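Trainee: I've got a structure open and I'd like to learn how to read it. Could you walk me through it?

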Amino acid sequence: MFYTSTRDKSIKVTSSQAISHGISAEGGLFVPEEIPHITMDDIVRLADCDYIERAKEILSLYLTDFTAEEIDSCVKGAYGEGKFSSDKIAPLHTLTKGVEILELWKGPTCAFKDMALQLLPHLLTVASAKSEPGKQIVILVATSGDTGKAALEGFKDVNNTKILVFYPNDGVSPMQKLQMTTQEGSNVGVCAIEGNFDDAQTGVKKIFTDKAVAAKLAEQGMMFSSANSINWGRLVPQIVYYVSAYCEMLNKGEIKPGDEINVVVPTGNFGNILAAYYAKEMGVPIKKLVCASNANNVLTDFLKTGTYNRIRDFYTTVSPSMDILISSNLERLLFLLSGMDDAVVREWMGELSANGSYKVSDDVFAKLTELFDAGSCDDNGTKACIAKEFKEHKYLCDTHTAVAVSVYEDYAERTGDETPTVIASTANPFKFSKAVLDAVHPGMTENLDEFEMVHALHDETGEVCPPQLANLKGKTPRFTGCCKKEDMEQVVFDLLK
Ligand SMILES: *Cc1c(COP(=O)(O)O)cnc(C)c1O
């Protein structure tokens, strides 16, 4: 199987090349030229396998230039013994009859980013040895919190890689900051920047595309790559858990082979829900993909009108990993739905960067409407949902998951659709203790520090904070640096010395 670019269909690369480069040179995203198919018999057979076997089978359909041994070692390195706190890796939790929560946060950093970022370093190491032999890979990350920590944890002490994470000094939660500044590993660096997430992102992009920097790196036998979800190596691991969720629904007796399910995803950069779309196209019987947004509801409006318009107010919400107005992975979906029309994708993406908006064709809009439903939920709705689910079903959601649950409940009521449903749950509630505690016991957060809130949340709910978060209490940060955005390049070269 070969990969092409959403902005230039004449490009043809292997999966190794797609993963080691991260993004195509003309700015497009790599996508497989065709989507492999699995049958219901395959799915029924996979239902008898563990997560590792399921992952090996799905990945081998996409990464056709990897050997079976390579895939085996990558998958075991990511999801093997002791890496995740659930031996199912991505377990289902029954919320109510026919509504299952897919818990994607059992990994080392307690957010769903681990599902992909535990595997990506292994894929990248194999891929670059094939397509860029001898080169050392330098991963630069700009993060608003979850991606940075998950990437650090995934890449720490991985041979032939270095990773440097920039985060906005005042833009991450206290828990997220501690997670990053106490990171262990001999090949890692973390630096705060004076500015917001966009400043960090812009700075990283500038370094990435600077020819002089690339030349300096090449002299030292190094090259940059990306750990963001524009990298196909981050998307492909996410397809696996949708296949796996269907298997688990079968095993629980919630559905029979061939029955349809709905999938609801709390969405930011559109990576997670795009993986669900790939699973559907592969043959998993998914009826509707429900896209859930917070107050930054650019995707809800897009899926309802066919016009994408990022010219709007930006809100800082209690679900910060979804505070995003440009959802990069949507480009991949538009490419697929337009029949791989690279010219029209170039046109729309050009309009987005020039004017901040574009309108898709009637044909693409009709397909979007058929495949997707969408809804949004603001902070009050999010907290109300956390309180309600805890009270009624004794289930404690994090803020991102609550957005999805709330949007699903609206959807079910509006449509009367009773199809069994999987709701993606993307973070452990203790990562966002303040908002979650405030939801279950309004007013209680006052005058409490982060770990007092963790404690209070435990007392209020009986839920246990995962040790990797609880143990951060009192830990001395290792990375205390904070740089001006103009100095980011210097910080990169200092790390590489
Ligand atoms: C990254 C993230 C999301 C958004 O996922 P996308 O793939 O960017 O749509 C949702 N919830 C949490 C907790 C996240 O970390």
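**Reading the inside, the ligand and the loops**

Mentor: Start with Tyr358: leaving out residues up to four places away in sequence, Tyr358 touches Phe302, Gly306, Thr307, Tyr308, Leu330, Leu334, Trp348, Met349, Glu351 and Leu352. A contact here means heavy atoms within 4.5 Å. Keep in mind that this is a predicted model, where local features need pLDDT of at least 70 and side-chain atom pairs count only at pLDDT 80 or more, while totals for chains, interfaces and linings use all residues. Residues are numbered from 1 along each chain as its sequence is written, and side-chain values use heavy atoms, with hydrogens and water left out.

Trainee: Which residues touch the most other members of the largest nonpolar core?

Mentor: First the idea: a nonpolar core is a set of buried Ala, Val, Leu, Ile, Met, Phe, Trp, Tyr and Cys residues joined through side-chain atoms within 4.5 Å. Buried means under 20% relative accessible area, exposed over 50%, and partly exposed in between, with a 1.4 Å probe and protein chains only. Here the largest core has 114 residues, and Tyr62, Leu63, Tyr79, Ile239, Tyr242 and Tyr358 touch the most other members. Helix α11 (residues 232–252) gives the most to this core, 13 residues. Helices are DSSP runs (H or I, at least four residues), numbered from the N terminus. Another core, of 38 residues, lies apart, and among its members are Trp105, Val264, Val407 and Ala439.

Trainee: How many residues surround the ligand?

Mentor: A residue is near a molecule if one of its heavy atoms lies within 4 Å of it. For this ligand there are 15, the closest being Lys113, Asp146, Gly268, Asn269 and Thr426.

Trainee: Where is Lys394, and is it buried or exposed?

Mentor: Lys394 is in the loop between α17 (379–393) and α18 (399–415). Lys394 is exposed, at 56% relative accessible area. Its phi is near 55°, a positive value in a residue other than glycine.

Methods. Helices (H or I, at least four residues) and strands (E, at least two) are DSSP runs, numbered from the N terminus.
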